[in-house]
Amino acid sequence: MGKFVVSKDKAGEYRVALKAGNGETIAVSGEGFKTKASAMNNIKSVQTNAAGAVIEDKSEAAAK
C-alpha cells in the first residue's frame, strides 16, 4: 500500500512525497510548505481529488 511521507527540507519547509508500496517515489510536492498543517492539507486535497481525476493525454498532440 502506498503512503504519504512528510519531511522538512534544508530551508525548514515541509515537503510531501507519495510513495508506492515498494518504497518508490511516485510524486512529490512542487513547493515547500511553511507549516506542517499546510502540508497535511495538501495531502488531504490529493486524497480527495485524485480518486475521481480524469487522465488528460497530451502526448500525441505534443508529437505533432
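**Entry 1: Ser29**

Is Ser29 buried or exposed? I started with this one, keeping in mind that the model is predicted. Ser29 has a relative accessible area of 14%, and because the cut-off for buried is under 20%, Ser29 counts as buried.

Where does Ser29 sit? I found Ser29 in the loop between β3 (25-28) and α1. Next I looked for polar partners. A polar atom of the Ser29 side chain lies 3.1 Å from the backbone oxygen of Glu31. I then set aside the neighbours within four places in sequence, and Ser29 was left in contact with Arg15 and Val16.

**Entry 2: the chain as a whole**

The protein chain has two helices and three strands, and along the sequence I read the pattern β-β-β-α-α. The radius of gyration is 14 Å, well over the 11 Å that the globule rule gives for 64 residues, so the chain is more spread out than a compact globule.

I also checked the box. Along the principal axes, the C-alpha atoms fill roughly 45 × 25 × 25 Å. Of the 64 residues, 14% count as buried. For contacts between residues at least 6 apart in sequence, I noted that 15% join residues at least 24 apart.

**Entry 3: the sheet**

What is the strand order? I traced an open sheet of three strands, in the order β1-β2-β3, with antiparallel pairing. β1 and β3 are the edge strands, each pairing on one side only. From one strand to the next, the twist averages 30 degrees. I saw α1 packing on this sheet, where the helix touches β1 and β2. The direction of α1 makes about 160 degrees with that of β1.

A reminder to myself: strands of a sheet pair through backbone hydrogen bonds, either parallel or antiparallel.

**Entry 4: bridges and hairpins**

How many bridges join β1 and β2? I noted six, in the antiparallel sense. Two of the pairs I looked up were Phe4 with Leu18 in β2 and Val6 with Val16 in β2. β1 and β2 form a hairpin with five residues between them. In that turn, Gly12 has a positive phi of about 85 degrees.

Ala17 has Val28 as its bridge partner in β3. β2 and β3 also form a hairpin with five residues between them. The turn glycine to note here is Gly23, whose phi is positive at about 90 degrees.

**Entry 5: Glu13**

Next I went back to the loop between β1 (3-8) and β2 (14-19), where Glu13 lies. Is Glu13 buried or exposed? Its relative accessible area is 19%, so Glu13 is buried, given that the cut-off is under 20%.

Which side chain makes a polar contact with that of Glu13? I found the side chain of Lys34, at 3.0 Å. Not counting residues up to four places away in sequence, Glu13 touches Ser7, Lys8, Gly32, Phe33 and Lys34.

**Entry 6: Tyr14 and the core**

Which residues make up the largest nonpolar core? I listed five: Tyr14, Val16, Phe33, Ala39 and Ile43. The elements that give two or more residues to this core are β2 and α1 (36-50). In general terms, nonpolar side chains tend to be buried together in soluble globular proteins.

I finished with the contacts of Tyr14, again leaving aside neighbours within four places in sequence. Among them are the core members Phe33 and Ala39. Tyr14 is also in contact with Val6, Ser7 and Lys8, and with Glu31, Gly32, Lys34, Thr35 and Lys36. Val16, another core member, is one of the residues in contact with Ser29, which brings me back to where I began.

Terms used. Residues numbered from 1 in each chain as written. Predicted model: local features only at pLDDT ≥ 70, side-chain atom pairs only at ≥ 80, totals over all residues. Heavy atoms only, no water. Helix = DSSP H or I, 4+ residues; strand = E, 2+ residues; numbered from the N terminus. Buried < 20%, exposed > 50% of the residue type's maximum accessible area, 1.4 Å probe, protein only. Polar contact = N/O pair within 3.5 Å; in protein donor to acceptor, adjacent residues only side chain to side chain. Contact = heavy atoms within 4.5 Å. Core = buried A, V, L, I, M, F, W, Y, C linked by side-chain atoms within 4.5 Å. Pairing = 2+ DSSP bridges. Axes fitted to C-alpha atoms, helices over the stretch in contact; angles between N-to-C directions. Rg over C-alpha atoms; globule rule 2.2 N^0.38 Å.
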